[in-house]
Amino acid sequence: MKDEAYDAFAYAYDQALGDRFFRSVRRLLNRVLAAHPTEERTHLDVACGTALAIEFFERRGYLSVGVDLSLPMLEVARQRARRLIAGDMRRLPLRGKFTRVTCLYDSLNHLKSSDELALAFTAIREVLGDDGLFLFDVNHPDVYPEIWGNDEPFIADGEDFHLRMATKFRKRDRIAQAMVTGWAVIDGKRIPIRERREQRAYSEREIIDALAAAGLVPIEMIEFDPYAEGRSVKLFFVCRHL
Ligand SMILES: C[S@@+](CC[C@H](N)C(=O)[O-])C[C@H]1O[C@@H](n2cnc3c(N)ncnc32)[C@H](O)[C@@H]1O
């Protein structure tokens, strides 16, 4: 049965969060893609969510494929993309090779341990072409105690949705939790949203070690301030085969 509450979240996510982040990250993607031109334009977006990156790459002549674990996210994605696969980034259900692989908007922070991170990196290395590049961002580890550990909830409002995210951070195991509440209007009906989300904070060292364990190496690491807050809240990596 369709989970209406999650569908409402997927819709509100797209409108409130995904779109806001993508407007900012596209500048970085444009810069990195221009610095590393490729003739063969094949692209895989891992944890593609609502397919904002797929739309971006396809407009630049890439043949793009998206993979995500969430069927409701893929349902929203279908408005932007045709080649979508339900699957887990730790065991990608794909055989081909891609010249550009992306995993954006802190999707990798959804994995709860360095071993899981290394599993996802290994799965990605297996589908990355020999001269391919893997581009991803994670939340800067400092944002968890400072922002997720803060009592002030994040609120986003639109004409047809309301999102409130109350967050906390557990230093012991570096797990951040978000209680997401609100509503979205789907097919003319106001559907409530009530979800619990978890993320894990990763240090730069843990990420580089997990990449190395998977046979990947960063060639660039960019401290990224997507919302012009005057501090970097994301780490953006450009990686290739070791
Ligand atoms: C914050 S959203 C980012 C979505 C998209 N990359 C974007 O930039 O808008 C995180 C996404 O990761 C997906 N996700 C979480 N764990 C996953 C896993 N193990 N395998 C595949 N997708 C996963 C979620 O379903 C969600 O769509």
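## Helix α4 and the sheet

Which strands does α4 lie across? In this predicted model, α4 lies across β1, β4, β5 (128-139), β10 and β11 (234-241). Relative to β5, the helix runs at about 150 degrees.

These strands belong to an open sheet of seven strands. Its order is β3-β2-β1-β4-β5-β11-β10. The pairing is mixed. β3 (84-86) and β10 (216-224) stand at the edges. Each has a single partner strand, so one side of each has no neighbour in the sheet. From one strand to the next, the twist averages 20 degrees.

Strand β1 (residues 42-46) pairs with strand β2 (residues 63-68) in the parallel sense. Five bridges join them. Thr-42 stands opposite Leu-63 in β2.

A helix packs here too. Helix α2 (residues 52-59) touches β1, β2 and β4 (98-103). The direction of α2 makes about 170 degrees with that of β2.

## Where α4 meets α6

Helix α4 (residues 114-127) also packs with helix α6 (residues 204-213). The angle is about 45 degrees, and the axes are 8 Å apart. α4 is therefore oblique to α6. The crossing is right-handed.

Which residues make the contact? From α4 come Ser-114, Leu-117, Ala-118 and Phe-121. From α6 come Glu-206, Ala-210, Leu-211 and Ala-213. By class, six residues of this contact are nonpolar, one is polar and one is charged.

## The four-stranded sheet

Another open sheet has four strands, in the order β6-β7-β8-β9. Pairing here is antiparallel. The edge strands are β6 (154-158) and β9 (189-200). Each of these two pairs on one side only. The twist averages 10 degrees from one strand to the next.

β7 (residues 161-170) and β8 (residues 175-186) pair over ten bridges, in the antiparallel sense. Within this pair, Lys-168 stands opposite Gln-177 in β8.

## Around the ligand

How many residues surround the ligand? The shell has 19 residues. The closest are Ala-47, Gly-49, Leu-69, Ser-70 and Tyr-105.

What classes make up this shell? Nine of its residues are nonpolar, six are polar and four are charged.

Definitions and conventions
Residues are numbered from 1 along each chain as its sequence is written. This is a predicted model: local features need pLDDT of at least 70, side-chain atom pairs count only at pLDDT 80 or more; totals for chains, interfaces and linings use all residues. A residue is near a molecule or strand if its C-beta atom, placed from the backbone, lies within 6 Å of it. Ala, Val, Leu, Ile, Met, Phe, Trp, Tyr, Cys and Pro count as nonpolar, Asp, Glu, Lys and Arg as charged, and the others, Gly among them, as polar. Axes are lines fitted to C-alpha atoms, for helices over the stretch in contact, and angles run from 0 to 180 degrees between N-to-C directions. Angles under 35 degrees count as roughly parallel, over 145 as roughly antiparallel, 65 to 115 as roughly perpendicular and the rest as oblique. A crossing is left-handed if the near helix is turned anticlockwise from the far one by less than a right angle, and right-handed if clockwise. Two residues are in contact if their C-beta atoms, placed from the backbone, lie within 7 Å. Two strands pair if DSSP finds at least two bridges between them.
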